[in-house]
Amino acid sequence: DSGGILEDGGEGGRAIIKGDSVNLSDDVIDARGGAAGAGGNAGAGGKLIVNFNDSFEGKNVDYRGDLKIILNDSDYGKIEWNSAKNVSFVYNLSDIEISDSFILIDGVKMSQLNEPANLTLINYQGNLSSPRILKNGETCTSCSNFTSLNADVIIFNVTNFSSFSIG
């Protein structure tokens, strides 16, 4: 029994940024994990949520510490990484594209974010007889869908990044 003493660390900060056009270029985002608890266990990583409608610009942003990142384009979809990433570096999130039935991340340029994530495509207008998740235009054998691939909202998991669409 810890006698009421927190054994695990606390949660990190949360930054929620909203706007039609969001520009974080040359900014610093610091939502590091919480302090360690009495048991010495580190705190959970912070969370960065960027909600935008028209455009997102993120050149040379200094992200500090472990962050769980969610990029949400309210017109087209969202990328939500499955775990906190150590993003203590300068990143150009402008290399990410979320558009009509399409999500692209350059896994080479964005190597520290080239990890499993859940992708959501919204307002999908497809009515395909045999829809499939495409990675670089080919059937993605490592992807798993959580919803029907003909739904208005399609959610699926990817193991790493490239270009993804439904076809």
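This is a predicted model: local features need pLDDT of at least 70, side-chain atom pairs count only at pLDDT 80 or more; totals for chains, interfaces and linings use all residues.
Which strand is Asn 157 found in? I looked it up: Asn 157 sits in strand 15, residues 154–158.

**Overall make-up.** I checked the secondary structure next and got zero helices and 16 strands. Of the 167 residues in the protein, 37% are buried. I also looked at contacts with a separation of 6 or more, and 60% of them are between residues 24 or more positions apart.

I traced an open sheet with the order 9-10-16-12-13 and antiparallel pairing. Strand 9 (96–99) and strand 13 (138–139) stand at the edges with a single partner strand each, so one side of each has no neighbour in the sheet. Inside that order I picked out strand 12 (residues 133–135) and strand 16 (residues 163–166), which pair antiparallel over three bridges. For Lys 135, I found Phe 164 in strand 16 as the bridge partner.

**Back to Asn 157.** Is Asn 157 buried or exposed? I got 15% relative accessibility, and the cut-off for buried is under 20%, so Asn 157 counts as buried.

What does the side chain of Asn 157 make a polar contact with? I found the side chain of Asn 118, at 2.9 Å. A polar atom of the Asn 157 side chain also lies 3.4 Å from the backbone oxygen of Ala 117. Skipping neighbours within four places in sequence, I listed the residues in contact with Asn 157: Asn 82, Ala 117, Asn 118, Ser 142, Cys 143, Ser 144 and Phe 146.

How values were computed
Residues are numbered from 1 along each chain as its sequence is written. Side-chain values use heavy atoms; hydrogens and water are left out. Helices (H or I, at least four residues) and strands (E, at least two) are DSSP runs, numbered from the N terminus. Buried means under 20% relative accessible area, exposed over 50%, partly exposed in between (1.4 Å probe, protein chains only). Contact means heavy atoms within 4.5 Å. Two strands pair if DSSP finds at least two bridges between them. A polar contact is a pair of N or O atoms within 3.5 Å; within protein, one must be able to donate a hydrogen and the other to accept it, and residues adjacent in sequence count only if both atoms are side-chain atoms.
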